[in-house]
Amino acid sequence: MLRFLRRFLKTEENQQVLLREKFAHFRRLLEGNNQALVIMADMEEKLAGEFLFDTGYLYSQIEQLAHQVTKIITELNKLTQDRYPELLVIHRQLQEEIQHELTTAPAILETPYILPLTELTREMAASVGSKMANLGEIRNRLGMPVPEGFAISAWAYKRLLETSGLAEELEEYLTRASLDDLESLEAVSEQIQARVRQAQLPPDLAEALAEAGKSLAAKAVSVRSSAVGEDTQYSFAGQFRTLLNVAPDRLVEHYKEIVASKFTARAIFYWKYQHFSINELPMAVGCLAMVAAKASGVMFSIDPHAPTTDTIVITAVWGLGKYAVDGRISPDIYRVGRGPGHPLVEQRVPPKPVALVCTPEGGVQEISLTPEQGQSPCLPPDQINTLAEMALRLEKHFGGPQDIEWALDEYDQLFVLQSRPLRISAAAFGAAAPPPPEVTAPPLLKHGIRAVGGAAAGPVYLFLSDQDTANIPPGAVVVARRPSARLVLVMDRIAAIITEVGSPTDHMSILAREFRVPTLVEVGGATRVLRTGQMVTVDADAARVYQGIIPELLVSTPAAQDAWRQNPVFDKLRRILKKITPLYMLDPTSPDFQPGNCRTWHDITRFSHEKAMDAMFDQDVEESLQASGVVRLKTEIPLNLFILDLGGGLKETGGRQVVEEQDIICRPFLALLRGFHHPRVSWAGQVVVDFKGFMSVFANTLYDMSKAERGLGGKSFAIITENYLNFNSRLGYHFSIVDAYLSEEQNDNYISFQFKGGAAEPERRERRARMLSQILEELGFKVMVKGDLVQGRLVKYSLLETEQTLELTGLLMAFARQLDLALGSEAIMKRFLTAFRQGDYSLEFLRSDQASS
């Protein structure tokens with residue numbers, strides 16, 4: 001023993017330094033893990049289609065996420081003496097695969113140069129752009145009026161670049177352009193556009209354009225961009241030219257003018273900023289018979305500024321619609337109901353002094369309107385009603401709110417010129433949501449945090465254990481005490497998720513976002529208020545849960561917007577996220593929970609977080625807690641307790657070797673001690689035992705005396721910082737470990753717990769272990785029991801809830817310290833279990849039983 005102490009005292013200082021370094025690595029790993037989860041959650045939120053983003057966003061997020069995952073792996077290996085080197089190899093391989101997805105341009109399909117509108121559908125967006133593909137869809141599948149015309153395909157654009165040598169030249173121009181020099185951008189833009197206008201088209205393309213122009217019966221046409229990816233809510237959309245009322249026999253010239261407009265200074269800025277290559281955003285072009293409109297405008301199938309008001313918004317100007325969208329004049333505004341008859345809710349008719357009209361010789365001009373015409377409405381009630389019907393048909397067909405351009409010709413024929421997804425603003429996860437629709441029924445619950453937006457209805461299923469996953473019925477609203485990543489196994493068939501604790505950035509929320517399952521977290525009391533089988537409606541956006549089915553909430557939920565999901569950048573995000581967010585490492589207790597089985601960055605973060613907590617939990621504290629820097633705690637609790645403060649855990653002690661509880665700052669340690677000090681827990685005296693229990697104590701005492709290496713010196717140790725606690729204790733004949741971290745950052749919070757041993761025979765110790773496991777599960781722990789060993793872990797609860805649970809853990813440790821001696825039967829165990837649940841921590845019932853006998 002003396003040799004051991006001498007050897008140990010030589011290394012005590014080094015051990016304490018190593019322990020401080022270990023904690024620093026652990027803290028940095030937690031920071032990296034939290035940042036990684038936030039980034040993943042944000043990317044999943046973009047995948048829901050509710051927010052604008054571009055490739056610049058993708059590059060930025062991937063760069064930040066890769067950095068955080070590298071940081072997590074590095075800190076884990078420093079924490080564990082390089083136990084997991086293969087994680088870095090897997091991470092780099094994933095990074096290469098993600099980078100490949102990020103930089104690879106989608107292939108341009110070989111098609112005919114000219115594709116008539118009569119042959120187009122929305123599935124052809126990759127060849128003709130969504131603008132023309134949607135017009136073909138509207139004409140051919142909905143039978144709605146669209147001007148005749150055709151598309152010049154993206155394949156034609158590719159052939160133009162290849163045969164003229166433009167591809168290499170343009171790449172060179174774009175490389176020279178600097179985002180910091182606007183004059184340079186303007187100069188490069190002028191050079192590129194001039195080069196495009198001078199380029200010779202392949203002979204077969206020039207011939208195809210000439211023949212297509214002749215095929216149109218119209219004397220004048222509009223030629224407009226339909227770039228692949230345009231009209232799908234990118235920040236670079238709407239920057240390309242539209243030529244109005246031009247001659248179809250000059251189509252080659254018009255075509256090159258539209259292609260040249262792809263290289264304006266503003267467009268080049270976006271190209272550079274978003275890391276586009278020359279092969280991305282291929283320029284298809286649309287050619288339509290010109291509608292010499294007497295009135296034109298834009299309509300939204302739902303009011304984007306008040307989507308819960310159930311109104312359609314129609315704007316109108318005299319003449320061509322260009323003035324309706326560029327702010328040249330104030331248009332008429334008609335708000336009509338979406339219901340039967342489309343009642344007029346509001347009509348505003350401002351003065352319209354001018355109009356843009358077609359000229360007989362070609363092109364357009366501005367004309368002045370008489371005061372009478374300028375102040376009159378552009379649309380009578382019947383045409384307003386017709387447009388409203390068209391808006392709802394388009395919304396239903398395309399699966400979401402639409403932004404529609406329309407025109408009224410001189411014969412009072414209405415035409416659809418364009419229909420694209422209308423982006424409805426939505427609150428970011430965790431942020432304040434917009435006001436919900438009017439619901440007269442009082443909510444059952446009216447608090448929580450929106451993790452995944454939307455509304456859904458279904459029967460409640462109380463999910464109280466991971467083992468219940470297979471029992472969750474289709475269409476259920478799953479209500480749980482805590483988040484569980486195992487719910488991914490049923491996310492394709494459940495309606496909604498409600499948890500009493502959790503975070504929008506936790507593993508379950510990220511998975512729910514991928515499956516678009518409306519999810520509310522931090523809904524305290526949900527498992528008490530709701531019951532299995534109860535029919536409810538969940539409004540995640542407003543953080544409300546209602547009794548029964550609320551149709552207006554379900555109707556107001558925007559449908560998935562398929563057109564938005566077909567664009568290239570969205571598709572790129574979707575492909576990239578397949579290597580980032582899926583979680584396959586679900587069960588830390590499984591033999592498959594190995595580093596080599598990590599398949600995504602999410603897997604790596606989950607594995608690393610679990611192993612980091614294990615590393616802190618499994619510290620050999622006796623090798624670190626020695627004389628230098630270690631103080632003893634003076635306490636009324638019968639513990640021989642020593643403390644090592646790694647920084648911020650104690651007030652300034654002035655070199656004292658003994659401290660009192662009032663000197664402690666460490667928040668988790670204070671919570672544990674509060675549990676020990678519960679007024680109804682008695683540390684004095686012994687638990688009354690039967691003869692068999694007494695013999696077990698006697699036999700174990702003899703055994704312990706012969707096995708000095710078991711270390712039954714009665715010491716307890718605590719390693720602390722302001723937020724961290726590692727507590728190793730011996731209470732009687734059992735050993736326990738508590739490892740905990742408390743902070744405002746919910747993703748970092750956890751409690752690890754271990755309890756083993758006792759003075760009684762194995763059967764009684766195992767009975768106590770089962771009792772402890774039941775109580776811990778009720779407190780929110782995930783628990784594993786092997787014989788008399790109990791291990792539990794609680795993660796990602798709020799600061800207050802983690803702190804309260806840690807206090808209850810201390811109370812449980814004090815309550816159960818000698819119960820194995822008394823647990824002579826299952827019936828007695830159940831009585832102790834009931835006593836704890838009812839708050840009888842002083843075991844009055846046991847004393848009463850003994851007195852009566």
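A residue is called buried when its relative accessible area is under 20%, exposed when it is over 50%, and partly exposed in between, as found with a 1.4 Å probe on protein chains only. The structure is a predicted model, in which local features need pLDDT of at least 70 and side-chain atom pairs count only at pLDDT 80 or more, while totals for chains, interfaces and linings use all residues. Residues are numbered from 1 along each chain as its sequence is written, and side-chain values use heavy atoms, with hydrogens and water left out.

Helices (H or I, at least four residues) and strands (E, at least two) are DSSP runs, numbered from the N terminus. Two strands are said to pair if DSSP finds at least two bridges between them. Asn245 lies in strand S4, and this residue has a positive phi of about 55° although it is not a glycine.

Strand S4 belongs to an open sheet of five strands, whose order is S1-S2-S5-S3-S4 with antiparallel pairing. Strand S1 (114–116) and strand S4 (242–246) are the edge strands, each of which pairs on one side only. From one strand to the next, the twist averages 20°; axes are lines fitted to C-alpha atoms, for helices over the stretch in contact, and angles run from 0 to 180 degrees between N-to-C directions. Within this sheet, four bridges join strand S2 (residues 149–152) to strand S5 (residues 285–289) in the antiparallel sense.

Strand S7 (residues 311–318) pairs with strand S8 (residues 332–337) in the antiparallel sense over six bridges. Across this pairing, Ile333 in S8 is the bridge partner of Thr315.

Strand S20 (residues 535–539) is largely enclosed by the rest of the structure, because four of its five residues are buried. Five bridges link S20 to strand S16 (residues 455–463) in the antiparallel sense, and Met535 in S20 stands opposite Pro459. S20 is also joined by four bridges to strand S21 (residues 544–547), with the two running antiparallel; here Val536 stands opposite Gln547 in S21. The hairpin of S20 and S21 has four residues between the strands, and in this hairpin Ala543 takes a positive phi near 55°. In a regular strand the side chains alternate between the two faces of the sheet.

Among the helices, H2 (residues 55–79) has 25 residues and reaches 36 Å from its first C-alpha to its last, close to the 36 Å expected at 1.5 Å a residue. The expected span is 1.5 Å times one less than the number of residues. Just after H2, Gln81 takes a positive phi of about 55°. In the loop between H2 and H3 lies Asp82, a residue other than glycine whose phi is also positive, near 55°. Asp82 is exposed, with a relative accessible area of 56%.

A nonpolar core is a set of buried Ala, Val, Leu, Ile, Met, Phe, Trp, Tyr and Cys residues joined through side-chain atoms within 4.5 Å. The largest such core has 54 residues, of which Phe26, Met43, Leu65, Ile580, Trp601 and Ile604 touch the most other members. At least two residues of this core come from each of helix H1 (2–47), H2, helix H3 (86–103), helix H18 (568–577), H19, strand S23 (640–645) and strand S25 (715–720). Apart from this core lies another, of 53 residues, including Val501, Ile643, Ala740 and Leu794. With neighbours within four places in sequence left aside, the contacts of Trp601 include Ile62, Leu65, His91 and Ile580. In soluble globular proteins, nonpolar side chains tend to be buried together.

Thr605 lies in helix H19 (residues 601–617) and is buried, with a relative accessible area of 0%. A polar atom of the Thr605 side chain lies 2.8 Å from the backbone oxygen of His602.

Conventions. Polar contact = N/O pair within 3.5 Å; in protein donor to acceptor, adjacent residues only side chain to side chain. Contact = heavy atoms within 4.5 Å.
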